[in-house]
Amino acid sequence: MAEQMTSTAGKRVVTEQKKSGLTTQDLILVAVLVAAGAVLKLTVASFLSFGGMKPNFMIAMYCLAIILIRPNVLQSAAIGLLVGLVSQIPMLNATPLVNIASETLGAVVCGLLVLALARVAADNKVCQNAVFPGIITFLSTTVSGYTFAMIVGVTVAGLDPLAVFGVYAVMVLGTATMNTVVAVILTPVLKAVLKK
């Protein structure tokens, strides 16, 4: 009995050690989703624009990556930083450097929410497959969007923070809602693909 418990504990330690680093499959998934987000942002996003709101596929895709691979917070920050750097491509961004901060912070929030909600939703398949990615993507997009808005509005334009918060509310929350729909639709599809 003691040997069996020691063996089980040993397996758990090995599993946790493996989980501490991203696998090659995880890195490939991140790269593919970030690339897909960039392509969709350049092509499809403008067709889905409505009243100044449109999905930000870059944010939606890094949220999906973090939801699927469940990295630690530092790894989530690295994914956000990568997206922020990719967003410096002129066609993807009209305001250089701002996305580095906003996407990194959005990805950190996403990583923290994934770790927190994974424990709550561990036994609830409905929550994991629908509500779970939706909540995380909505909140992460909101944080990223308002970080972007505050940097541009307060730091660059010198506007009042409350004014910026109100002016950007429709755009940020609208984008967060659209990203949520993307995440809720794509999460089960990508999970099925990854299982195969």
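Two residues are taken to be in contact when heavy atoms of theirs lie within 4.5 Å. On that basis, and leaving aside neighbours within four places in sequence, Ser-140 is in contact with Cys-63, Gly-106, Val-109, Cys-110 and Leu-113 in this predicted model. Ser-140 sits in helix 6 and, with a relative accessible area of 0%, it counts as buried.

Stepping back to the overall fold, the protein has 8 helices and 0 strands, so the order of elements from the N terminus simply reads α-α-α-α-α-α-α-α. The protein has 196 residues, of which 40% count as buried. Among contacts between residues at least 6 apart in sequence, 69% join residues that are at least 24 apart.

Now for the interior. In soluble globular proteins, nonpolar side chains tend to be buried together. Here, the largest nonpolar core has 33 residues, and those with the most contacts inside it are Leu-33, Tyr-62, Ile-66 and Ile-136. The elements giving two or more residues to this core are helix 2, helix 3 (57-69), helix 4 (73-86), helix 5 (98-120), helix 6 and helix 8 (169-195). Helix 3 gives the most, with 13 residues. As for Tyr-62, its contacts beyond four places in sequence are Ile-79, Val-83, Ser-102, Glu-103, Gly-106, Ala-107 and Ser-144. There is also a second, separate core of 5 residues, with Tyr-146, Ala-149, Ala-169 and Val-172 among them.

Back in helix 6, which spans residues 125-156, there is Thr-137 to look at. Thr-137 counts as buried because its relative accessibility is 0%, the cut-off for buried being under 20%. A polar atom of the Thr-137 side chain lies 2.8 Å from the backbone oxygen of Pro-133. Not counting residues up to four places away in sequence, Thr-137 also touches Cys-63, Ile-67, Asn-179, Thr-180 and Ala-183.

The C-alpha atom of Gly-145 is 8.6 Å from that of Glu-103, although the two residues are 42 apart along the chain. Glu-103 has already come up, as one of the residues in contact with Tyr-62.

Two further spots are not buried. Arg-70 lies in the loop between helix 3 and helix 4, and its phi is near 50°, a positive value in a residue other than glycine. With a relative accessible area of 28%, Arg-70 is partly exposed. Leu-42, in helix 2 (residues 24-42), is likewise partly exposed, at 41% relative accessibility. Together with Ile-89 and Met-91, Leu-42 forms a nonpolar patch on the surface, and the accessible area of the three together is about 300 Å².

Note on methods
Residues are numbered from 1 along each chain as its sequence is written. This is a predicted model: local features need pLDDT of at least 70, side-chain atom pairs count only at pLDDT 80 or more; totals for chains, interfaces and linings use all residues. Side-chain values use heavy atoms; hydrogens and water are left out. Patches are made of residues with over 30% relative accessible area and no salt bridge: like charges are joined within 9 Å, nonpolar side chains (Val, Leu, Ile, Met, Phe, Trp, Tyr) within 5 Å. Accessible areas come from the Shrake-Rupley method with a 1.4 Å probe; for residues, only the protein chains shown count as cover. A salt bridge is a side-chain nitrogen of Lys or Arg within 4 Å of a carboxyl oxygen of Asp or Glu. Helices (H or I, at least four residues) and strands (E, at least two) are DSSP runs, numbered from the N terminus. Buried means under 20% relative accessible area, exposed over 50%, partly exposed in between (1.4 Å probe, protein chains only). A polar contact is a pair of N or O atoms within 3.5 Å; within protein, one must be able to donate a hydrogen and the other to accept it, and residues adjacent in sequence count only if both atoms are side-chain atoms. A nonpolar core is a set of buried Ala, Val, Leu, Ile, Met, Phe, Trp, Tyr and Cys residues joined through side-chain atoms within 4.5 Å.
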